[in-house]
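Here are my notes from going through this one; have it open while you read.

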Amino acid sequence: LKMCWFYLPLHLLMAACLCHSIKAPSTSSQQSFKTDLFNFYHSLILADGKETTVHLLKDIPKRYYFVLEEGRALAPFTITVTPCDVPIEWSILVHKASASFLGKEARGDHDTQEVSKAQTAPSMVSTIFNYKGNSVETYMGMSSHSALYMLEFLSTERDTHVTVYLTTDTTSGHLYPELPIDPRIDVIGIGHTTVTLTWKHSPSVLQHRENIQYCLLVNEKHNYKSLCAAETAIRSSGMKLPPTLALSLSPYLLEPQQVMILSNSELSIINKASSGEVRQICMGTKNTYTVPNLSPSTQYYFDVFVVNLLTNASAAYTGTFARTLEEPEPKVVDLKDGKVIQVVLDGKKQKFYSLQYQARHKKIQFTFQLCRGQVRVHITKNGKTVALENISGLRYFLLKGKLLDTYLVQLRSTEESNSSVKVQVSPHFHKPLFPLLPESLKIKSFSKLRTCNSVTIAWLGTQEESKYCVYKKRIEEDQVWMELQSVDRCSGPESRHKSEKVLCKYFYDINLQRAVTTETIKGLDAGTLYLFDVYLFGPSGIPVRYHSKVVKTRKKC
């Protein structure tokens with residue numbers, strides 16, 4: 001045991017301190033002595049000036065040690081511990097020994113007699129700081145060569161991790177950005193879908209603007225006391241963040257459940273999971289920000305972090321929360337018998353458009369013609385649902401009730417793009433607005449009948465004599481998808497160029513099995529794509545457009 005004092009290099013001086021603080025073991029205390037030595041040699045030395053991540057297993061304490069470097073008799077030091085999940089317990093303990101002996105040990109001018117005296121000197125072990133919780137805590141103290149410091153960490157809830165930062169250099173810049181004297185976030189504006197926040201500037205931003213930025217975290221659950229805790233919570237919910245918000249402008253490969261939006265020098269990353277949505281926005285050094293695209297009547301929690309882009313370290317402002325305003329009742333439009341209205345639905349806002357009708361007859365018919373996109377229709381009668389479905393093409397609902405029954409129609413786009421639909425309500429015996437429709441509105445082309453300058457198409461008719469007009473349009477390969485997606489199915493031939501018209505014809509057949517017609521369109525160019533449309537006109541003159549058909553003429557004949 002005595003030999004543990006001789007010729008020790010500085011990096012093992014902590015072991016010498018520990019040896020000195022432990023009395024020579026008697027038979028009865030040998031086991032305890034061996035346990036202390038085992039704990040030391042299986043513990044870690046805490047690095048000075050670097051952030052260390054400490055992983056903790058439930059109910060198993062973990063210890064780190066540190067001493068000052070040679071040549072410094074007395075110096076201040078700070079220790080910052082950031083819990084990244086559940087509350088933890090952590091303590092700072094100090095082992096004090098003979099200052100005169102350790103001073104000589106560092107210089108190497110000791111003798112065996114002094115070692116023997118020092119060996120039997122009583123040690124003093126005391127706890128100078130203790131904390132339990134999940135807040136970021138910083139301890140500031142004075143250290144000397146006469147002390148060995150031990151940090152002990154314990155998690156009693158579950159496995160977790162923390163970050164620890166020790167520094168004895170108070171003259172250089174701080175690893176963590178500084179918070180203002182008042183670190184609160186102020187809510188200065190609340191709307192139906194927006195919240196405006198402001199906060200006081202960090203002193204670090206004023207001194208090192210190019211290396212510091214603010215990042216905002218928005219969620220519907222609770223505030224986070226550190227960025228480390230926020231990232232841990234997000235990952236545990238099934239999402240994965242970039243390593244930190246700090247390097248937000250780096251080209252991260254996002255996970256499938258992430259959406260990155262970069263605009264006006266602001267980076268937004270939306271993490272989507274079944275448990276909710278977490279948004280992170282980095283806005284440079286602006287200290288006022290309006291959070292957009294929130295849901296009405298919803299409580300949100302806001303956390304601002306000031307981040308050092310060079311060190312990847314951050315400091316958290318005191319989080320706040322706010323509830324967005326309730327959405328005003330949507331305006332209800334009255335429907336009148338036989339009148340057609342066209343409604344454009346905003347796909348991004350996903351708002352309902354409401355129509356109301358008071359019945360003057362026992363039997364009524366609602367007619368919907370989908371012009372663009374996809375629309376969900378919800379019809380209630382006196383508050384009870386009578387129809388609910390996504391519509392396509394032309395759709396009729398024949399409903400029975402009592403006089404003065406109140407019907408409410410709610411329309412919503414099921415796509416992110418805008419949708420459009422025409423709506424009409426009328427008594428069931430009212431003159432029909434739209435013509436009688438065939439079983440299918442598809443146009444068929446015959447591949448074997450294609451030539452270099454002609455194609456043959458066919459479509460179904462009805463038992464009612466009606467007018468059919470055919471139109472063609474030459475398109476390029478890369479225009480096909482856009483042409484089919486952008487078609488307004490409510491528009492008639494008046495929206496087409498006169499040169500696109502091919503012909504108009506009347507036909508019908510009492511036998512529906514034979515109610516089909518064909519047409520060969522000639523004068524086309526070889527190896528060329530054409531878009532064909534057929535319009536059906538009924539007694540009211542309002543057309544119904546068949547589904548567009550793209551056909552390519554043969555290149556060689």
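The points below start with the whole chain and then move to a few local spots.

1. First, a reminder that this is a predicted model. The protein chain has 557 residues, and 43% of them count as buried. On the secondary-structure side, you'll find seven helices and 36 strands.

2. On the overall numbers, the protein chain has an accessible surface of about 29,500 Å². Carbon and sulfur atoms own 52% of that surface. As for contacts, take the ones between residues at least 6 apart in sequence: 75% of these join residues at least 24 apart.

3. Have a look at the open sheet of five strands, which runs β20-β22-β27-β24-β25 with mixed pairing. Its edges are β20 and β25 (384-391), each of which pairs on one side only. On average, neighbouring strands in this sheet are turned by 20° against each other, if you ignore direction.

4. Staying with β20, how many bridges does this strand share with β22? There are three, and the two strands pair in the parallel sense. Strand β22 covers residues 353-358, and its Ser354 stands opposite Val332.

5. The loop between β19 (320-323) and β20 (332-334) holds Leu325. Together with Val187 and Ile190, Leu325 makes up a nonpolar patch on the surface, and the three have about 210 Å² of accessible area together.

6. Leu433 also sits in a loop, this one between β28 (419-427) and β29 (444-445). Here the relative accessibility is 13%, and because buried means under 20%, Leu433 counts as buried. What does Leu433 touch, once residues up to four places away in sequence are set aside? Its partners are Val340, Gln424, Ser540 and Ile542.

7. Last one: Thr160, in strand β9 (residues 160-167). With 8% relative accessibility, Thr160 counts as buried too. Leaving out neighbours within four places in sequence, Thr160 is in contact with Val54, His55 and Leu56, with Asp85, Val86 and Ile88, and with Ser155.

Key
Residues are numbered from 1 along each chain as its sequence is written. This is a predicted model: local features need pLDDT of at least 70, side-chain atom pairs count only at pLDDT 80 or more; totals for chains, interfaces and linings use all residues. Side-chain values use heavy atoms; hydrogens and water are left out. Patches are made of residues with over 30% relative accessible area and no salt bridge: like charges are joined within 9 Å, nonpolar side chains (Val, Leu, Ile, Met, Phe, Trp, Tyr) within 5 Å. Accessible areas come from the Shrake-Rupley method with a 1.4 Å probe; for residues, only the protein chains shown count as cover. A salt bridge is a side-chain nitrogen of Lys or Arg within 4 Å of a carboxyl oxygen of Asp or Glu. Helices (H or I, at least four residues) and strands (E, at least two) are DSSP runs, numbered from the N terminus. Two strands pair if DSSP finds at least two bridges between them. Axes are lines fitted to C-alpha atoms, for helices over the stretch in contact, and angles run from 0 to 180 degrees between N-to-C directions. Buried means under 20% relative accessible area, exposed over 50%, partly exposed in between (1.4 Å probe, protein chains only). Contact means heavy atoms within 4.5 Å.
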